[in-house]
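This report goes through the structure shown below, chain by chain. Please keep the sequence and the view open while reading.

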Amino acid sequence: MHMHVDRDEFHPLGVDRIRKDFPIFAGDSPIAYLDSAASSQTARCVLEAMDGYYERYRSNIHRGIYQISEEATAAYEDARRKIARFINARRASQVIFTRNTTESINLLAYSWGNANIGPGDEILLTVMEHHSNLVPWQLLAERTGATLRFIEVTDEGLLQLDDLDKLLTDRTKLVAITHVSNVLGTINPVREITAAAHSIGATVLIDAAQSVPHLPVDVEALDCDFLAFSGHKMCGPTGVGVLYGKRNLLEDMQPFLGGGSMIRAVQRERSTYADVPARFEAGTPAIAEAIGLGHAVDYLDGIGLDAVHAHEQQIIDYAHQKLREIDGITIYGPKPRIKAGVITFNLEGIHPHDLAGVLDTTGVAVRAGHHCAQPLMQHYGVIATARASFYLYNTMQDVDRLYDGALKAQNLLARRQG
Amino acid sequence: MNIYEEDILDHYENPSNYGTLEEPDISYEEDNPLCGDQIRMDLEVEDGVIKDVRFCGHGCTISQAAASMLTEEVKGQALEDVKKLSKDDILELLGIPLGPVRLKCGLLALKVLKAGAYGIKGWPGEEDDEEE
């Protein structure tokens, strides 16, 4: 039984007010931006915080013996504390700044993987992983002689967890899984999978790129060993991401990139390395971006992730209701209510690129392609799909514009068949 | 200008030279990994002239329409002249400007043709960039 959603129903979030916080939606004909799963829009307070750094205290961090460098260092480290609190990490030092989720996972694959994975070891992934949580492990497997195993996906777009007991063996050293599928929106039971993995002694990484921006995520409650996410999907700037890790694991890890900031003492032939997190932050980091991400976290905290999630659920309900009316539509993945704010679909006889192209002419931005998840596309036997993804600033009108644009594409394109 | 011009839609709906040849002298197939568009080109060549040509495959409007237009263009041409066809020739055939992503859709047919005929593997237009 599907719940009926009234298009004009009260928004729990006060979306009109929220839209005013995003400069891109100013003006008379704002874009219907339905691609936040790829990259979100940036909140004004984030832009102002970054401008503030550049205009008033721009300088390098950690070594300057002058006031604005101390200010910059304090702002950078303050951002780390905010982010740690946001995901309920015990200490700020468990938050390592990287460029993005991809770099976080590559860091882990080298620094942890090289030391802990050997020939015959198994790494357990799922078929719904983004390439960023697949290719680094393929490379590690090539380096070490380890084997990759996969949790399959059901036709409904859920993980086939009946197989989990068989897939977790005494050879399983790492379980690396996505919290929320970037294609299907499936919210995976990562807490239960983590517990099962720990019971056989495996280490767990959660790819939280699609969850931290949209749902309350608590690393203590999940008990995961590592967690990775990107700033640019959560109202923050591009170029900054996070790797969270348990303290003892991070402390045992060797550096990833060598250079300035990550050392304790350097001699001609060898060096000793700094403590965590500096050990993993070689070179001048994305200072303005880290400060910006700290403000993005404040912004999301002020609204509340529960409210963000509820808002997205309401929109996704309405999107399903509306799009299901279209003849020849195939919607992939789970029903609303058990997934995040993503709807992935195809219209019969229309290449998703053409659909996205027609939508673009009406000011609607969706993604079309394989969404960096080719194994999942292969599972569904499709080459590409169209994906609309929603965030706190999207409205029911955005869904209407998607619907109207899809009909326009059908009128224009669905003529040649066979 | 709208990229879904009537002319392009006509070629998409009723493509010229669609299908395969039974005994092609040259047959080559490639896809565009970005969007999964796929095109195969079959050529019958006699005395250095393209006597017959067919294409088949699947993909978006732009890739299929460009392939259809290209087969019309090269049928009866000397194979040697195909080498001279450029990115701009395809854009002229399509008659619309294309952004960087859709450009690859438009150029896939020419890429396949050149790869089949001469083993030229790069994207049309990008070889120029390298010289600059």
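How many residues lie between β2(B) and β3(B) in the hairpin, and which residue in the turn has a positive phi? There are 2 residues between the two strands, and the residue in the turn with a positive phi, of about 50°, is B:D47. The model is a predicted one.

**The sheet of chain B**

Strand β2 of chain B covers residues 37-46 and pairs with β3(B) in the antiparallel sense over 9 bridges. Two bridge partners can be looked up in the view. B:E46 has B:V49 of β3(B) as its bridge partner, while B:Q38 is partnered by B:H58 of β3(B). In a regular strand, side chains alternate between the two faces of the sheet.

**The domains of chain A**

Chain A is divided into two parts: domain 1 (15-43 + 304-413) and domain 2 (47-302). How many Å separate the centres of domain 1 and domain 2 of chain A? Taken over C-alpha atoms, the separation is 27 Å. In the contact between these domains, domain 1 of chain A takes part with 27 residues and domain 2 of chain A with 31 residues.

On the domain 1 side of this contact, at least two residues each are supplied by α11 (305-323), β12 (342-347) and α13 (374-380) of chain A. The largest share, 5 residues, comes from α11(A). By class, the domain 1 side that touches domain 2 of chain A has 13 nonpolar, 10 polar and 4 charged residues.

**Two helices of chain A**

Helix α3 (residues 67-86) and helix α10 (residues 287-303) of chain A have axes that come within 8 Å of each other and cross at roughly 40°. That angle is why α3(A) counts as oblique to α10(A). Their crossing is left-handed.

Residues of α3(A) in this contact include A:A72, A:A75, A:Y76 and A:F86. From α10(A), the contact residues include A:I287, A:A290, A:G294 and A:D301. The contact of α3(A) with α10(A) has 11 nonpolar, 1 polar and 4 charged residues.

**Where chain A touches chain B**

The contact takes 14 residues from chain A and 12 residues from chain B. Which elements give two or more residues to the side of chain A that touches chain B? They are α12 (352-361) and α14 (396-413) of chain A. Of these, α12(A) gives the largest share, with 5 residues. The side of chain A that touches chain B is made up, by class, of 5 nonpolar, 6 polar and 3 charged residues.

Technical notes: Residues numbered from 1 in each chain as written. Chains lettered and ligands numbered in written order. Predicted model: local features only at pLDDT ≥ 70, side-chain atom pairs only at ≥ 80, totals over all residues. Axes fitted to C-alpha atoms, helices over the stretch in contact; angles between N-to-C directions. Helix = DSSP H or I, 4+ residues; strand = E, 2+ residues; numbered from the N terminus. Parallel < 35°, antiparallel > 145°, perpendicular 65-115°, else oblique. Left-handed = near helix turned anticlockwise from the far one by under 90°. Contact = placed C-beta atoms within 7 Å. Nonpolar A, V, L, I, M, F, W, Y, C, P; charged D, E, K, R; others polar. Domains from an automatic or database assignment. Pairing = 2+ DSSP bridges.
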